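Biologist: Could you walk me through this one, starting with the strands?

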Amino acid sequence: MRLDRLLGNLPHGNRRDARLALAAGRVRVDGLAVRDGRLEVREFNRVELDEQVLQAGKPARYFMLHKPAGVVSATEHPEHRTVLDLLDEPDKHELHLAGRLDLNTTGLLLLTNDGHWSRRLTLPQSKRPKVYYVETEQPIGSEYVETFARGLYFAYEDLTTLPAELEILASHSARLTLFEGRYHQVKRMFGHFHNKVLRLHRERIGTLQLDPELAEGQYRALTPDEVAAL
Ligand code: URA
C-alpha cells in the first residue's frame with residue numbers, strides 16, 4: 001500500500017499529520033528518510049516514524065527445490081505429499097509456488113512468500129525460457145523440431161503455442177525450451193506425434209539452473225543475485 005495511506009491508517013493518525021511527518025523527513029523506510037507519500041510499501045519493508053516502529057518488515061523468502069516425482073505442486077492436498085512437506089522452514093505455510101510441475105515431473109520448482117516476484121515470474125508475457133529434459137516412448141523424429149518451432153494449435157485454449165526450441169539428444173531423449181507455460185504443455189506437444197512422455201525434468205527457468213548439488217527432495221534459499229536475475 002502507499003506510504004501515506006499506511007500512515008493515515010494508524011490508530012491516531014490522519015492524513016494531515018501524515019503529510020507533515022513526511023515533509024519533515026520523520027518517516028523512514030528501510031532506514032532511509034522518505035518524503036514522498038506515494039511510495040509503495042510492502043510487508044517486507046521496515047517503516048518507522050521518529051523512533052516508533054510502525055511496521056517491522058518481514059523477510060522476503062525465496063527457495064529452489066528439486067521436486068521429486070510423486071509429490072504434488074501444491075501447498076495442500078488430500079492424498080499426496082506436497083512440495084511444502086519437503087521444506088523444513090518456519091512459517092512455511094506463508095510460502096506459495098511460483099509455477100507448477102505435474103505430479104510425475106521432476107526438477108526445478110520455486111517457492112516464495114513474495115507475491116509480486118512470483119507473479120512477474122509466471123506472467124505469460126515475460127517469455128522467460130523454461131528448459132526441460134524429456135524422454136519419450138517412441139523415437140523423436142527430426143520433423144518435431146520444425147513443428148515445435150512453428151507452434152502447435154491447442155484447441156482447448158484456442159491458441160497457437162509460441163515457437164519452442166527442440167534439441168534432439170538421442171533417439172528417445174531431447175531438451176525442449178518453452179517460452180510460456182500452458183497446461184501439460186510438453187506432454188501435449190509430444191502427444192501431437194502420439195509420442196508419450198515417460199520422463200520430464202525441468203532444468204532451468206530463465207537464468208536459474210537447478211543446483212546440481214540438490215538431490216531430489218532437497219532445497220536451498222536463492223541468493224540475492226539469483227532473486228534479482230529472475
Ligand atoms: N509440461 C508438462 O506437460 N508437464 C509439466 O510438468 C511441465 C510442463
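Biologist: In β2, what is the bridge partner of Arg 28?
Modeller: Arg 28 has Ala 33 of β2 as its bridge partner. Bear in mind that this is a predicted model, where local features need pLDDT of at least 70, side-chain atom pairs count only at pLDDT 80 or more, and totals for chains, interfaces and linings use all residues. Residues are numbered from 1 along each chain as its sequence is written, and side-chain values use heavy atoms, without hydrogens and water.

Biologist: How many bridges join β1 to β2?
Modeller: Two bridges link β1 (residues 27-29) with β2, and these strands run antiparallel. Strands are DSSP runs of E, at least two residues long, numbered from the N terminus, and two of them pair if DSSP finds at least two bridges between them.

Biologist: What order do the strands of the open sheet have?
Modeller: The four strands follow the order β2-β1-β3-β4, with antiparallel pairing. Because β2 (32-33) and β4 (52-55) stand at the edges with a single partner strand each, one side of each has no neighbour in the sheet.

Biologist: Switching to the ligand, which residues are around it?
Modeller: Among them are Leu 101, Asp 102, Tyr 132 and Leu 200, counting residues with a heavy atom within 4 Å.

Biologist: And which polar side-chain atom lies 2.8 Å from a ligand oxygen?
Modeller: That atom belongs to Thr 105, and a polar contact here is a pair of N or O atoms within 3.5 Å. A backbone N or O atom of His 184 lies 3.3 Å from an oxygen atom of the ligand, while a polar backbone atom of Val 186 is 3.1 Å from a ligand nitrogen.

Technical notes:
A polar contact is a pair of N or O atoms within 3.5 Å; within protein, one must be able to donate a hydrogen and the other to accept it, and residues adjacent in sequence count only if both atoms are side-chain atoms.
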